Each structure stands twice: as C-alpha cells, then as structure tokens.
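Good morning, and thank you for the time. I would like to take you through a few side-chain contacts and backbone details of one structure. Please have the sequence and the coordinates open as I speak.

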Amino acid sequence: MSKITTMKKVFFAVITLFFLNSCTSDTTTNDILPFVPVDETIDLSLPEYIDLQVPGGWAYAPGGIKGIIIYNLNGTQFKSFERAAPHIQPSACSQMIVENALRMRCQCDDSEFNILNGAPLTDGITYTAREYLVTNLNGAILRITNF
C-alpha cells in the first residue's frame, strides 16, 4: 500500500468521525412527563377552533397529559404542543396557557416556552415543550399524533 493511499484512508476516517460526531442531538430527553398515546382529530369548522383558521391563531384541544395547544403557522402548517409543562411533574398548576399568541407559560413558576418551536425562554430550563405531529388532512381537518 502506498503512503498516499494510507493517508487518504486516515483522512477519510477522520472526516467521517467528525461528521458522525456533529450529528449527535443536543436535545434533552424528557423523563419527567409520562408517555401518553395521542391521536386526536380536530375539525377547524367547529366554533372552538375558529381562531385556528388564520395564521397566528391558536386553540386548546383535548388529549395528551394536560391537553394540547395548537398553533397555525401560516394558514396550512400547524404546530401542537403538550400543555403539561415539560420541566415539572404534572400537577394542578402545571397546565400551560398561551400568552400574547407567542408564548406558552407554566402557571406554577411562570416559566415560558416559544410557541413556534417549544424552546424554553426562561433561564435554567433545559426541557422543550413536548411537540406532537400535526397532519393537515384536507385543509379543514387536523390529525394530531405522537406516533
């Protein structure tokens, strides 16, 4: 084997290890909230979901541990998050509420989370809000799942 071939193999191995290492996730696995199966269907024509018909609109829905928050991103794409605050055990005050259509707030300690991606906005909190998958079935029906 030539010296150049050996150097190419070493170089390839180093680059491969670098890329594999950079693919690791920095998200913290949430072991505080229990797993609860979620499979909800939301009809946007119902009065309780009227605000979801416009971008920036949001609504509460049943399901999950403490309920679900649904947010309309742009008229066709939606986000949904668990209402149970991700950083504390579920309790009477740990159900998050939406404030100013931009933040989700835990009523126990006033910690806040971004409604667009679930990221914590309060210093010292490492858990993101638990996100559920939203499938827009036909423009009028949403399916929210965690599988």
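This is a predicted model: local features need pLDDT of at least 70, side-chain atom pairs count only at pLDDT 80 or more; totals for chains, interfaces and linings use all residues.

The structure holds one aromatic pair. A pair of aromatic rings is described by the distance of the centres and the angle of the planes. Here the partners are Trp 58 and Tyr 60, with ring centres 5.0 Å apart and planes at 65°, so the pair is edge-to-face. Trp 58 is partly exposed, at a relative accessible area of 24%, and Tyr 60 is partly exposed as well, at 30%. Tyr 60 has a further contact: Arg 83 lies over its face, 3.6 Å from the ring centre.

I turn now to the salt bridges. How many does a search of the whole structure find? The search finds five, and I shall discuss some of them.

Consider Lys 79 and Glu 131, whose closest N and O atoms are 3.0 Å apart. Glu 131 is partly exposed, with a relative accessible area of 38%.

Next, Arg 103 and Glu 112 form a salt bridge with an N to O distance of 2.6 Å. Is Glu 112 buried or exposed? At a relative accessible area of 18%, Glu 112 is buried, because buried means under 20%.

Arg 105 is buried, with a relative accessible area of 16%, whereas Asp 110 is partly exposed at 48%. Through salt bridges that share partners, Glu 99, Arg 105 and Asp 110 are joined into one network.

Finally, the backbone. Most residues other than glycine have a negative phi. Which value does Asn 100 take? Its phi is positive, about 55°, although Asn 100 is not a glycine. Ala 101, also not a glycine, has a positive phi of about 55°. Asn 100 is found in the loop between β5, residues 97-99, and β6, residues 103-105, and Ala 101 is placed in the loop between β5 and β6. As for accessibility, Asn 100 counts as exposed at 70%, while Ala 101 counts as partly exposed at 23%.

That concludes my presentation; I welcome your questions.

Technical notes:
Residues are numbered from 1 along each chain as its sequence is written. Side-chain values use heavy atoms; hydrogens and water are left out. Rings of Phe, Tyr and Trp (its six-membered ring) pair if their centres lie within 6.5 Å; planes under 30 degrees apart count as stacked, over 60 as edge-to-face and the rest as tilted. Buried means under 20% relative accessible area, exposed over 50%, partly exposed in between (1.4 Å probe, protein chains only). A charge sits over a ring if NZ of Lys or CZ of Arg is within 6 Å of the ring centre and within 35 degrees of the ring normal. Helices (H or I, at least four residues) and strands (E, at least two) are DSSP runs, numbered from the N terminus. A salt bridge is a side-chain nitrogen of Lys or Arg within 4 Å of a carboxyl oxygen of Asp or Glu.
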